[in-house]
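Let's take a walk through this structure together. Have the sequence and the 3D view open side by side, and we'll go from the whole chain down to single residues.

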Amino acid sequence: MSSDRLFEVRNLKKYFRVGGGISAGRRRFLKAVDDVGFDIVRGETLGIVGESGCGKSTLGRTMIRLLEPTGGRVLFEGRDLASVSDRDLKPLRRRFQMIFQDPHSSLNPRMSVRRILEEPMVTHRVPRADRRKKVRELLDAVGMPADAAHRYPHEFSGGQRQRIGIARALALNPDFIIADEPVAALDVSIQAQIINLMMDLQKEFNLTYLLIAHDLSVVEYVSDRVGVMYLGKLVELTDRDTLYREPLHPYTQTLLKAIPVPDPERSRERVTLKGEVPDPVHPPAGCRFHTRCPFAEERCRREEPAFREVGPGHHAACHFAEKFARADA
Amino acid sequence: MNDQNTILRVEDLRVRFRTRRGDVRAVDGVNLELNRGEILGLVGESGCGKSVTAQAVMRLIGDGRGEEVSGRVELDGEDLLQKSEKEMTKLRGRRISMIFQDPMTSLNPVYTVGNQIAEVPLLHEKVTRRDAYARAVGMLETVGIPSPKERARRFPHEFSGGMRQRSVIAMSLCCKPEVLIADEPTTALDVTIQAQILDLLQDLRRDFGTAIILITHDLGVVAEVCDRVAIMYAGGIVEQAPAGELFRKPRHPYTQGLLASLPKIGDRGILKAIEGRPPDLMNLPEGCRFAPRCPHAFGKCSEYPPLERVAEEHDAACWLEKKHE
């Protein structure tokens, strides 16, 4: 069973120092990821949702050590990535790749598509003849014509560029791909093409995805399990159906109700959250959501709720999660 | 609809940009009617001309070199395209306002928020500076900014994205215009803040009676707040209908494709993407612009389909409607 776990994230923390200059007394920390723990099972898609600034992108980058973690452990097939040396990290790096949001800034405009796709293989010393062959395979896999290889990024539309970005991520036959808002910059009709492509590739190459997005309908469509983040904390994590049917954390509940649904006849029972996300440098004491939570009680202001299992495979960080379960059932 | 009910009428609006590589037909024969007090959604993908339409209506484009605007834009019967720049300055902000996607670029960073909102009544009405400022504070309260008196003394960079958009809305509605054009007002905001701004727009429509053109690419937003919807594709309107009707019975294959390509919560069927991509505005296809991507295209589609009535209050520009006649 444990061999099925590709990633085990434990108490992961990433703090950024802000302001204060060199005087230690005025130093403050932005706790972008603060004590987050979860597993990723081989072959699954784990979706991470949350509003801007909640730490979801930092979480992804810290997991694969594009950012150095401040604390905690990230076990990749049992090996702690947080403590492995740079030299030992390199062979591991080819096994996890990223797809970025903006297909305009993530491709070098001065490189041909061939060079863009070959670059990761050059870094990891793939022989030249194999690289050529691989470029053809990659273009074919993402539905691009073979003659795209000698053209440049500006010659392609946003959706096609995102296909090239995906092809690059596949160049080293990775096991794990972090897709950070892969369709947020694309038009809806193109979004669907890219989502379908990502799901086909997952089956074909047996990929494991971490999908970071703010669009809950995209995450619901693609993910097996979904985690919800708020101000650096994971507040709820469960399988997709349970999350959308019986969300237990009040933040998840309001987030789901805030999504505009393309169906004007749906009964409108939108509960609009009051106020805005607090300053992450000075998060509220106790439960971080209590300032906006419609159900907050005295205890929530004092005591930080533990991220605990409230149902089979269903974790939530709310003192009263069980109460909501009964109310919703 | 009788004429008295219509506050803004756009007739055969065309916008052409002359470039070295050729003419870009950004807007190509748009017809629209906006009724008093209604929210009309103008929907389309990037580059379809929805923002250019709005900017041409506001006369923000059309006077520059290489910009050609033709057609009619009637605000309560007066053609805005015939007005001088001086006359437009008197109209903008007083009778017709516009808000943009990025609230930060709409606010002047070196003036306090209160002072820049107060500029609007100062410009358009005979009021003292003190009264104008009091109006500004009142508007900030109306749009739901907490402790508005204190906030009015602050600068835009001290506001969050949601509060900036509220301030811009306060500014645009300070003189109670009859028409507000909101160009992707919630696209840069998070969903919970988006929900707040959409609620606010609906409240303001009710309280001020302002008719709103809401430009968006998000059909979810349209379903939440719009009374009627117009769908744009490659510079033209391809379908318009009351919101409920459009979602229930979309007639144009492009609208049908858009709706089918949306992931819906609770539904895991395969997403039906629209194959291909929108045409190059420099080389628009003859005939129907959607025909190259349309699964139902047939011989007649090589002619340009006019926007015609297909059901009560429902127009579509598609030859399929006549195929079986």
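One term before we start: a residue counts as buried if 20 or more other C-beta atoms lie within 10 Å of its own. Keep in mind, too, that this is a predicted model.

How does its radius of gyration sit with that of a compact globule? A globule of 325 residues would come out near 20 Å, and chain B has 21 Å, so the two agree. Inside, there are twelve helices and twelve strands. Of the contacts in chain B with a separation of 6 or more, 64% are between residues 24 or more positions apart.

Now look at how chain B is divided. Domain 1 takes in residues 6-95 and 177-324, while domain 2 covers 106-176. The C-alpha centres of these two domains of chain B lie 30 Å apart. Where they meet, 14 residues of domain 1 of chain B are in contact with 14 residues of domain 2 of chain B. On the domain 1 side, helix α8 of chain B (residues 191-208) gives the largest share, with six residues. Sorted by class, that side of domain 1 of chain B has ten nonpolar residues, three polar ones and one charged.

Next, zoom in on a sheet in chain B. It is an open one of four strands, in the order β2-β1-β4-β5, with antiparallel pairing. Which strands stand at the edges? In chain B they are β2 (22-35) and β5 (78-79); each has a single partner strand, so one side of each is left without a neighbour in the sheet. Strand β1 of chain B (residues 6-19) runs antiparallel to β2(B), and eleven bridges join them. To see one of these pairings up close, find T6(B), whose bridge partner in β2(B) is N35(B).

In chain A, β1 (residues 5-18) and β2(A) pair in the antiparallel sense over eleven bridges. Here a pair to look for is K13(A) with its bridge partner D34(A) in β2(A).

Finally, let's bring the two chains together. 37 residues of chain B are in contact with 32 residues of chain A. On the chain B side, the elements giving two or more residues are α8, α9, α10 and α11 of chain B. The largest share, six residues, comes from α8(B). By class, this side of chain B has 17 nonpolar, eleven polar and nine charged residues.

Which of its residues are buried? They are P253(B), Y254(B), T255(B), G257(B) and L258(B). The cover over the buried residues of α11(B) includes α6 (188-205) of chain A, along with α9 (219-225), β9 (228-233), β10 (236-242) and α10 (243-248) of chain B.

How values were computed
Residues are numbered from 1 along each chain as its sequence is written. Chains are lettered from A and ligands numbered from 1 in the order in which they are written. This is a predicted model: local features need pLDDT of at least 70, side-chain atom pairs count only at pLDDT 80 or more; totals for chains, interfaces and linings use all residues. Domain bounds come from an automatic or database domain assignment. Two residues are in contact if their C-beta atoms, placed from the backbone, lie within 7 Å. Ala, Val, Leu, Ile, Met, Phe, Trp, Tyr, Cys and Pro count as nonpolar, Asp, Glu, Lys and Arg as charged, and the others, Gly among them, as polar. A residue is buried if 20 or more other C-beta atoms lie within 10 Å of its own, exposed if 12 or fewer, and partly exposed in between; C-beta atoms are placed from the backbone. Two strands pair if DSSP finds at least two bridges between them. The radius of gyration is taken over C-alpha atoms; the globule rule is 2.2 Å times the number of residues to the power 0.38.
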